[in-house]
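Welcome, and thank you for opening the viewer.

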Amino acid sequence: MIKKQINQNDILNFELLNILDYSYIFNNEPIKRIKTKPTLENSLSKLENLKSKIEAIRDCNLKKNASKIVFGDGNIHSPIMIVGEGPGQKEDELGKPFVGDAGTLLNKMLKAIKIEREKIYITNVVNYRPPNNRKPEKSEINRYSEYLKEHISIIDPQILILMGSTAMEALFGGNKRISKERGQWKEIIIKQKTYKSIITFHPAYLLRQPDQKKFSWEDLKIIHKKIDELNIEI
Ligand code: URA
């Protein structure tokens, strides 16, 4: 009888292949061995870079008519990020998002679920005030959504709150009704990372339609529950 020679190394290699994921072994991407937490300087310089890119935009009707850029505000390391539509008059004057009447209501809404505004990060889909506070056009939403995605990826929040149909359109595309989409957790992949997001009514809409506040309150409670579930500290 011929005794089959078994190489001990082959057995070990075979066992190793079985326990490892093939896609991992044959992936061409370099392996990131150390997971680096973004440092303050890192995120700040990335945000400065992004801001400069937006400031370099040409042929934009929003930019031509606005007095200044409204980039973002709040804690850049916050686990919660809010995205609104675009600056209004007050925001255009002060260069900060949500500082007018809609901002006052937003602060109250956050307070109702025990969130201090300063502890979260806020930005808008478009960074320049649309003339006469009109809704940004489809082409403008598409153009600025690329910058918004980069913004989200730099802040890297655990929870993304999209306020209003423009924010919904920027990340989930048009032809959707906010009244149908609001109040549900939806996953969105940005730069290969999955984010938990929720769509809710915009505070400016609630100021015009106060009877809709009951739905907004439902959404806020859902957000509060998720913060508890994920043990998010803010
Ligand atoms: N509405 C928005 O969407 N963003 C602001 O910054 C202010 C009002």
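## First stop: a buried aspartate

Please select Asp219, which counts as buried because its relative accessibility is 0%; buried means under 20% relative accessible area, exposed over 50%, and partly exposed in between, with a 1.4 Å probe and protein chains only. Asp219 sits in helix α11, residues 213-229. Helices here are DSSP runs of H or I with at least four residues, strands are runs of E with at least two, and both are numbered from the N terminus. Now show what surrounds Asp219: leaving aside neighbours within four places in sequence, Asp219 is in contact with Arg182, Gly183, Ile199, Thr200 and Phe201. Contact means heavy atoms within 4.5 Å.

A word on what you are looking at. This is a predicted model in which local features need pLDDT of at least 70 and side-chain atom pairs count only at pLDDT 80 or more, while totals for chains, interfaces and linings use all residues. Residues are numbered from 1 along each chain as its sequence is written, and side-chain values use heavy atoms, with hydrogens and water left out.

## The whole chain

How many helices and strands does the protein chain have? There are eleven helices and six strands. Of its 234 residues, 41% count as buried. Among contacts in the protein chain with a separation of 6 or more, 73% join residues 24 or more positions apart. The accessible surface comes to about 14,600 Å², and carbon and sulfur atoms hold 49% of that; accessible areas come from the Shrake-Rupley method with a 1.4 Å probe, and for residues only the protein chains shown count as cover.

## The sheet

Next, colour the strands. They form an open sheet of six strands in the order β1-β3-β2-β4-β6-β5, with mixed pairing. The edge strands are β1 (73-74) and β5 (185-190), each of which pairs on one side only. Two strands pair if DSSP finds at least two bridges between them. Strands of a sheet pair through backbone hydrogen bonds, either parallel or antiparallel.

Select β6, residues 193-200, together with β5: these two pair in the antiparallel sense over six bridges. Along this pair, Ile188 stands opposite Tyr195, and Ile190 has Lys193 as its bridge partner. Two residues lie between the strands of this hairpin, and Lys191 takes a positive phi near 45° there.

Is its pairing with β6 parallel or antiparallel? Strand β4 and β6 pair in the parallel sense, over five bridges. Look for Ile161, which stands opposite Ile198 in β6.

## A helix against the sheet residues

Select Ala167 in helix α8, residues 165-172. Ala167 is buried, because its relative accessible area is 0%. Not counting residues up to four places away in sequence, Ala167 touches Val83, Gly84, Val125 and Leu162. Try the distance tool on Ala167 and Ile199: their C-alpha atoms are separated by 8.2 Å, although the two are 32 residues apart along the chain.

## The nonpolar core

Which residues touch the most other members of the largest nonpolar core? Ile54 and Tyr144 do, in a core of 56 residues. A nonpolar core is a set of buried Ala, Val, Leu, Ile, Met, Phe, Trp, Tyr and Cys residues joined through side-chain atoms within 4.5 Å. Helix α7 (residues 138-155) gives the most to this core, with seven residues. With Tyr144 selected, leave aside its neighbours within four places in sequence, and its contacts include Ile54, Ile57, Cys60 and Leu62.

## The ligand

Select the ligand and the residues around it: Gly84, Glu85, Gly86, Glu91, Pro97, Phe98, Asn124 and His202. Around means that a heavy atom of the residue lies within 4 Å.

- A polar backbone atom of Gly86 is 3.1 Å from a nitrogen atom of the ligand.
- A polar backbone atom of Phe98 is 2.8 Å from an oxygen atom of the ligand.
- A polar side-chain atom of His202 lies 2.7 Å from an oxygen atom of the ligand.

On its own the ligand has 240 Å² of accessible area, and the protein covers 92% of that.

## Last stop: a loop

Finish at Asp59, in the loop between α3 (40-55) and α4 (61-65). Asp59 has a positive phi of about 55° although it is not a glycine. Asp59 counts as exposed because its relative accessibility is 70%.

Notes:
Polar contact = N/O pair within 3.5 Å; in protein donor to acceptor, adjacent residues only side chain to side chain.
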